[in-house]
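Here is a short briefing on one protein model. Please look at the structure first, then read the points below.

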Amino acid sequence: MSSSPLTATPTPLLPAKSKSPPSHHPLLPHLPHCTSLRALAQLHAAAVKSGLGAYPAFVTRLLTLCTEQGAAPAHLEYARQVFDRIPSPGDVVWYNTLLRGYARSADGAAPHAEATRVFVRMLEEGVAPDTYTFVSLLKACAAGRAGEEGRQAHGVAVKTGAADHEYVLPTLINMYAECGDTRSAHAMFGRVPDGDCVVSYNAMITAAVRSSRPGEALVLFREMQAKGLKPTPVTLTSVLSACALLGALELGRWIHEYVRKAGLDSLVKVNTALIDMYGKCGSLEDAIGVFQGMESIDRQAWSVMIVAYANHSYGREAISLFEEMRKQGIKPDAVTFLGLLYACSHSGMVSEGLQYFDSMREYGIVPGIKHYGCVTDLLARSGQLEKAYKFIDELPIKPTAILWRTLLSACGSHGAVDLGKRVFERILELDDTHGGDYVIYSNLCANTGEWEEMNRVRKLMNEKGVVKVPGCSSIEIDNRVHEFFAGDARHPHARRMVDQVIEQLKLVGYVPNTSQVFHVEMGEEEKATSLRYHSEKLAISFGLLNTSPGTTLRVVKNLRVCPDCHSMAKLVSMLFNRQIILRDLNRFHHFEDGVCSCGDYW
C-alpha cells in the first residue's frame with residue numbers, strides 16, 4: 001500500500017449476488033471507528049484482499065462514512081476515487097451518497113463541478129435519478145452559486161417529473177435564490193400547492209436573509225403566520241437572523257417568547273441564533289442571559305458569544321470567554337478567532353491580538369481575508385500605519401480592496417496624507433467604484449491642506465460617476481422600524497426636535513464639530529447647518545419625541561458614525577438621562593451619562 005491514503009488503488013468492485021456483506025466478517029466492526037483517512041484506507045485495502053470489498057453494501061458503507069456531515073475534503077476525494085474505480089455503478093444509492101457529500105462540502109466552488117460530473121455519469125450509465133439525487137445536486141449548485149448548472153439540473157428534473165416534488169421544489173427555490181435569480185425563486189415558490197408548504201417558506205425566508213433582504217424575510221414570516229403555518233426551528237433561526245440584520249429587537253424578543261412557549265429553548269441552534277440576534281440588536285445583557293442559560297453549548301455558540309462581546313467593545317470579556325472555552329476542551333474555529341481578533345482591534349489590545357493571530361496555526365486554521373482585515377485594523381488603529389501597509393503588501397494571498405480601505409480609513413484618522421495617497425492608488429487598481437474611498441481620501445487631503453489633490457480626487461469622482469452612499473439610520477419603536485436619511489425632510493417633527501435638542505445642548509457646551517466638513521466655499525455656520533440633520537441625529541431626536549422618559553434608544557447606522565454625531569449622542573445621554581445604543585458600520589456604541597463605551601476609539 002502506498003504511504004499516501006489518496007494513492008491507494010482498490011481493485012475494481014464488481015456486483016455480488018448478495019447485497020449484504022457477511023455480518024460475521026471481522027473487519028466490519030472496525031469500519032465506523034476509522035476516524036482518520038489513513039486508517040480508513042488501510043481497512044479498505046484489507047477488505048479488498050479478503051473479498052469483503054466486492055460487496056456493494058460494503059461499498060455503500062464506505063462511501064457513506066467518507067461523505068458524512070463534517071467530513072474533510074480529503075475524505076470526499078477518497079470517496080470519489082473509490083467511486084471512479086467501479087466499472088459500471090448501477091446503484092442509485094452510490095450516486096446519491098457521493099452527491100450528498102458534495103452538497104455538504106464547504107470546499108469553495110468545487111462541489112458543484114464534481115457533483116455535475118457525477119450526475120452526468122449517472123445519466124450516461126442509464127441510472128434513473130430520484131428525488132434524493134436532485135435535492136443533493138441542487139444543494140451543491142447552490143453552495144457553488146452555479147446558476148447555469150442548477151438550471152440544467154432543473155430541466156432534467158422537469159423531464160423526469162421530479163421538479164414539483166415536496167422536497168425538490170424547496171431546494172429549487174433555495175438554489176435560485178442563492179444564485180441571485182430572485183425572479184426564478186419566486187416563480188418556483190408560486191408553484192407550491194396553495195403556498196402552504198412550511199419547507200418552501202423556510203427556503204424563501206432563508207434565501208432572503210442570505211441575500212441581505214431582511215425586510216422581505218419578515219414579510220414572508222408574517223404571511224406564513226397569517227396562513228396558520230407552524231414555524232419550525234429552521235424558520236425561527238432565519239427570522240432571528242433577519243431581526244439581527246434590521247436591529248429589530250422587539251420582534252426578536254417576541255420570537256424568543258414564542259420559542260419558550262413552543263418548548264424550543266433547549267435547541268442549541270435556536271439559542272445560538274438568539275444570542276446572535278440580541279448581540280446585533282444591542283442587548284448584550286439578553287445575549288449573556290441566553291448563553292448562561294444553555295444546558296449544552298457547542299463551538300458555534302461559544303464563538304457567537306465571543307463575537308457579541310467583541311461588537312460591544314468588551315475585549316477583556318471576549319478573551320476571558322475564549323480561555324474558558326479552551327479549558328472546557330472546545331476547539332476554536334475560524335469564526336472564534338475572528339471574534340477574538342475583532343475584540344482586540346476594537347479595544348486597542350495590539351500585542352494580545354497579534355499573539356492570538358499567530359496561535360491560529362496551532363489549531364491548523366489557515367487565516368482568511370477577514371482575519372487579515374482584523375490584523376490590519378489592529379495595527380492601523382494603534383497608529384502603526386507603515387507596519388500595516390507592509391503586512392498587507394506581504395500577504396500570502398492577493399489583498400482585496402477592503403483591506404486597503406481599512407488602512408485608508410486609519411490614514412484619515414491619523415492625518416497620514418502621503419501614505420493615504422499610496423493606499424488610495426492601490427485601492428483604485430482593484431476597485432474604482434466605491435464612493436467612500438474618494439470621500440475619505442479627499443477629506444484627508446482637505447484636512448491636511450492638500451487642496452489641489454482634493455480637487456483632483458473630486459473631479460475624478462465626478463468623471464467616473466461615483467456617488468457617495470447616503471447616510472441612513474433606523475430606530476425601532478413599537479415594533480415598527482423608522483428610517484431616516486441625511487437631510488431627510490419626510491419627518492418635520494423630527495427636524496424640529498433636532499433644533500430643540502441642539503439648542504439645549506449648546507447650553508451645556510456643545511459646539512458643532514465641523515472638522516470633517518470640507519467645503520471651501522462654506523462658512524462655519526453653513527458647515528454646522530450641514531451637520532445638523534445627519535441621519536443619526538434625526539433618529540435619536542425621533543426617539544426622544546416618541547418614547548417615554550428613560551426608555552433606551554436603539555439606533556442602527558449604515559455608515560461609520562461621524563465625530564459630531566458621536567459628541568451629540570454623548571451629551572444627549574447625559575442631558576436627557578437616556579441610554580443610547582448606536583450600531584454603526586463597525587461596532588456598537590453605548591452612550592450613558594455622557595460617556596461612550598468605545599472610549600472615543602472607533
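**Sheet and helix packing**

Strand 3 (residues 553–557), helix 29 (residues 563–575) and strand 4 (residues 580–583) build a β-α-β unit, and this unit is right-handed. The model is predicted. The points below start with the sheet around that unit and end with a helix pair.

- In general, strands of a sheet pair through backbone hydrogen bonds, in either a parallel or an antiparallel way.

**Strand 4 and its neighbours**

- Strand 3 and strand 4 run parallel and are joined by four bridges.
- Within this pairing, valine 555 sits opposite leucine 582 of strand 4.
- On to strand 5 (residues 588–592): strand 4 pairs with strand 5 in the antiparallel sense, again over four bridges.
- Isoleucine 581 has histidine 590 in strand 5 as its bridge partner.
- Strand 4 and strand 5 form a hairpin, with four residues between the two strands.

**The two faces of strand 4**

- In a regular strand, side chains alternate between the two faces of the sheet.
- Are the faces of strand 4 covered or open, and which residues lie on each? Both are covered.
- Ile580 and Leu582 lie on one side, and both are buried.

- Strand 5 pairs with strand 6 in the antiparallel sense, over two bridges.
- The bridge partner of glutamate 592 in strand 6 is valine 595.

**A helix across the sheet**

**A helix pair**

- Two packed helices are described by the angle and the distance between their axes.
- For helix 2 (residues 56–67) and helix 4 (residues 92–104), the axes come within 9 Å and cross at roughly 5°.
- Angles under 35 degrees count as roughly parallel, so helix 2 is roughly parallel to helix 4.
- Helix 2 contributes Pro56, Val59, Thr60, Leu63, Thr64 and Thr67 to the contact. They meet Val93, Trp94, Thr97, Leu98, Gly101 and Arg104 of helix 4.
- The residues of this contact divide into six nonpolar, five polar and one charged.

Note on methods
Residues are numbered from 1 along each chain as its sequence is written. This is a predicted model: local features need pLDDT of at least 70, side-chain atom pairs count only at pLDDT 80 or more; totals for chains, interfaces and linings use all residues. Side-chain values use heavy atoms; hydrogens and water are left out. Buried means under 20% relative accessible area, exposed over 50%, partly exposed in between (1.4 Å probe, protein chains only). Two strands pair if DSSP finds at least two bridges between them. A crossover is right-handed if, with the strands pointing away from the viewer, the path from the first strand over the helix to the second runs clockwise. Axes are lines fitted to C-alpha atoms, for helices over the stretch in contact, and angles run from 0 to 180 degrees between N-to-C directions. Angles under 35 degrees count as roughly parallel, over 145 as roughly antiparallel, 65 to 115 as roughly perpendicular and the rest as oblique. Contact means heavy atoms within 4.5 Å. Ala, Val, Leu, Ile, Met, Phe, Trp, Tyr, Cys and Pro count as nonpolar, Asp, Glu, Lys and Arg as charged, and the others, Gly among them, as polar.
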